[in-house]
Amino acid sequence: MQYDLVFEGGGAKGSVFVGALQEFFARGHTARRFIGTSAGAITATLMAAGYGPEEMLEAVNEKLPNGKPRFSTFMDIPEKFDDPDIHNSLTYAIFKKVDIPFIPQLMEGVVDDRIFSALMKIDAYREMFSFIERGGLYAGDEFLKWLTEKLNAGGRNLGHTTLSEFQDCTESDLSMVASDTEAKEMRVLNHRTAPDCPVKWAVRMSMSIPFMWQEVRWQAQWGPYLGEDITGHKFVDGGVLSNFPIDLLTSRDAEVVKIMGDTDPDEVPNLGFLIDEKLPVEGSGEAEIEEGSESLEGGFTR
């Protein structure tokens with residue numbers, strides 16, 4: 001059968017979707033539309049790019065030369081900040097108010113800048129600065145590098161495509177949910193709503209767990225969202241507003257049609273991939289679920 005697929009957000013636990021997709025493909029099913037939030041957005045994007053479960057499993061299990069998971073690099077401390085970001089920051093403004101004893105007032109500005117520059121060379125201080133000024137400890141640059149590699153792999157050459165170009169190349173209907181903190185609205189990113197937004201940045205916005213990864217600021221070159229100029233708006237994890245956006249595949253509401261297109265939602269069934277945390281993981285040593293306890297019925301949850 002053919003399905004419209006929706007993938008729940010779930011952080012690192014989202015890797016379990018690979019096992020669920022192995023079962024999905026083993027039964028001969030195919031997909032028509034893909035939508036996901038956070039970790040689900042990563043899975044939806046790789047599927048839309050033509051990844052099968054084995055190739056996806058290889059990507060998830062990728063190791064560094066030292067044997068550590070590649071995913072461990074995603075917690076990357078920011079290497080630098082642009083001068084405007086520093087000089088316009090609250091942290092810098094407070095620092096400038098501190099009076100340094102025995103330093104002449106005419107020299108204090110120069111000394112302040114040198115001290116602040118020295119602090120910004122310390123990893124722990126950049127983490128703190130990033131947390132205060134950009135809403136997260138980690139830069140997320142290594143994730144972008146990883147996703148770009150995966151989208152280019154196998155001759156796909158999709159790592160630098162916009163959502164519109166991605167759709168043209170793959171003919172896949174892909175959507176991702178992100179949270180616009182400036183407008184306090186959920187944004188659904190696809191080739192209809194934000195055609196000029198790069199795919200990798202759409203995923204990066206959707207998976208940006210607050211306080212962990214830096215928020216993403218919408219760039220002017222990414223164009224409008226449904227005709228609205230949102231340059232400078234700050235985006236975080238889509239799970240803040242909708243962690244399982246199945247309604248976008250089922251509703252006939254005019255606003256949903258504007259976002260998702262006029263595809264008939266009743267032509268094919270919907271299938272949701274959720275993470276049932278009550279299920280024991282084989283070999284993990286967890287206790288078996290007690291008889292009679294509630295669990296998700298049907299679906300592919302393992």
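The legends below describe an overview and several close-up views of a predicted model. In this predicted model, local features need pLDDT of at least 70 and side-chain atom pairs count only at pLDDT 80 or more, whereas totals for chains, interfaces and linings use all residues. Residues are numbered from 1 along each chain as its sequence is written, and side-chain values use heavy atoms, with hydrogens and water left out.

**Figure 1. Overview of the protein chain.** The protein chain has twelve helices and nine strands; helices (H or I, at least four residues) and strands (E, at least two) are DSSP runs, numbered from the N terminus. Along the principal axes, the C-alpha atoms of the chain fill a box of roughly 75 × 50 × 40 Å. Of its 302 residues, 45% count as buried, where buried means under 20% relative accessible area, exposed over 50%, and partly exposed in between (1.4 Å probe, protein chains only). Among contacts between residues at least 6 apart in sequence, 72% join residues at least 24 apart; contact means heavy atoms within 4.5 Å.

Figure 2. Helix H5 spans residues 90-97, and Thr91, Tyr92 and Phe95 are buried in it. Seen down the axis of H5, these buried residues fall within an arc of 95°, so they line one face of the helix; the arc is that of the directions from the helix axis to the C-beta atoms. The exposed residues Leu90 and Lys97 are carried on the face of H5 turned away from its buried side. The cover over the buried residues of H5 includes helix H4 (83-87), helix H6 (105-119) and helix H7 (123-134).

**Figure 3. The packing of H5 against H6.** The axes of H5 and H6 come within 10 Å and cross at roughly 135°. Axes are lines fitted to C-alpha atoms, for helices over the stretch in contact, and angles run from 0 to 180 degrees between N-to-C directions. H5 and H6 are therefore oblique to each other, given that angles under 35 degrees count as roughly parallel, over 145 as roughly antiparallel, 65 to 115 as roughly perpendicular and the rest as oblique. The crossing of H5 and H6 is right-handed; a crossing is left-handed if the near helix is turned anticlockwise from the far one by less than a right angle, and right-handed if clockwise. From H5, Thr91, Tyr92, Phe95 and Lys96 meet Gly109, Asp112, Asp113, Ile115, Phe116 and Leu119 of H6. The residues of this contact divide into five nonpolar, two polar and three charged. Here Ala, Val, Leu, Ile, Met, Phe, Trp, Tyr, Cys and Pro count as nonpolar, Asp, Glu, Lys and Arg as charged, and the others, Gly among them, as polar.

**Figure 4. The pairing of H1 with H3.** Helix H1 (residues 17-26) and helix H3 (residues 53-60) have axes that come within 9 Å and cross at roughly 170°. That angle makes H1 roughly antiparallel to H3. H1 contributes Val18, Leu21, Gln22 and Phe25 to the contact, and H3 contributes Pro53, Glu54, Met56, Leu57 and Val60. Seven of the contact residues are nonpolar, one is polar and one is charged.

**Figure 5. The pairing of H2 with H8.** H2 and H8 pack at an angle of about 20°, with their axes 10 Å apart. The two helices, H2 and H8, are therefore roughly parallel to each other, and H2 passes H8 in a right-handed crossing. Ile42, Thr45 and Leu46 of H2 meet Phe143, Trp146, Leu147, Lys150 and Leu151 of H8. This contact of H2 with H8 comprises six nonpolar residues, one polar and one charged.

Figure 6. Most residues other than glycine have a negative phi. Ser38, although not a glycine, has a positive phi of about 60°. Ser38 is placed in the loop between strand E2 (30-37) and helix H2 (39-48), and at 5% relative accessibility it counts as buried. Asn157 also is not a glycine, and its positive phi is near 55°. The loop that holds Asn157 runs between helix H8 (141-152) and helix H9 (163-170); Asn157 is exposed, with a relative accessible area of 58%.

**Figure 7. The surroundings of Ile275.** Ile275 lies in the segment after strand E9 (270-273) and is buried, with a relative accessible area of 17%. Not counting residues up to four places away in sequence, Ile275 touches Glu8, Gly9, Gly10, Lys13, Gly14, Val16 and Phe17. The C-alpha atoms of Ile275 and Thr30 are separated by 21 Å, the two residues being 245 residues apart along the chain.
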